[in-house]
Amino acid sequence: MKRYNINRIIITILLMVYVVSILSIIKGEQPFESTNFLEFVIIGIIVVSITVFASKDTLKKQFEEDKVEKDERYLKNRGAFSYYFIILLGLLIPIILGLASFIGMEQLSLSNVAVLFLIIGIVYMLAIEVIKRKF
């Protein structure tokens, strides 16, 4: 169970860094420009302590999910989905850029790219969850 606590701490910190940087880019600012480092550390300590010490049931659930993830059928389906998802992205990006050019969009702002990246990431994670629940 100690391994799951360490994994949870690392994942929580990485998600905080990711969210703070993406949200600041979406607002049109430099990443971590408006974020006070002391506030970031205090919020990080609070969130990590809540996620680690709040529930032991979640750790047991994560242990059971690891068993599912090691299932060969799940790994095969997840790999196939990831492969086709990347192929689909490779096909859609030129089409979307062509459509954007057709409607007169000459430049993509960094905030638009960040929003698009966030949406693609959420769709991918939801699809992986659906695949996981099927097995």
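Mentor: Start with accessibility: buried means under 20% relative accessible area, exposed over 50%, and partly exposed in between, with a 1.4 Å probe and protein chains only. This is a predicted model, in which local features need pLDDT of at least 70, side-chain atom pairs count only at pLDDT 80 or more, and totals for chains, interfaces and linings use all residues. Residues are numbered from 1 along each chain as its sequence is written, and side-chain values use heavy atoms, leaving out hydrogens and water.

Trainee: What makes Tyr-124 count as partly exposed?

Mentor: Tyr-124 has 26% relative accessibility, which falls in that range too.

Trainee: Why is the pair of Phe-85 and Tyr-124 called tilted?

Mentor: Rings of Phe, Tyr and Trp (its six-membered ring) pair if their centres lie within 6.5 Å; planes under 30 degrees apart are stacked, over 60 edge-to-face, the rest tilted. For Phe-85 and Tyr-124 the centres are 5.1 Å apart and the planes at 50°, so the pair is tilted.

Trainee: How do you know that Phe-85 is buried?

Mentor: The relative accessibility of Phe-85 is 14%, and the limit for buried is under 20%, so Phe-85 counts as buried.
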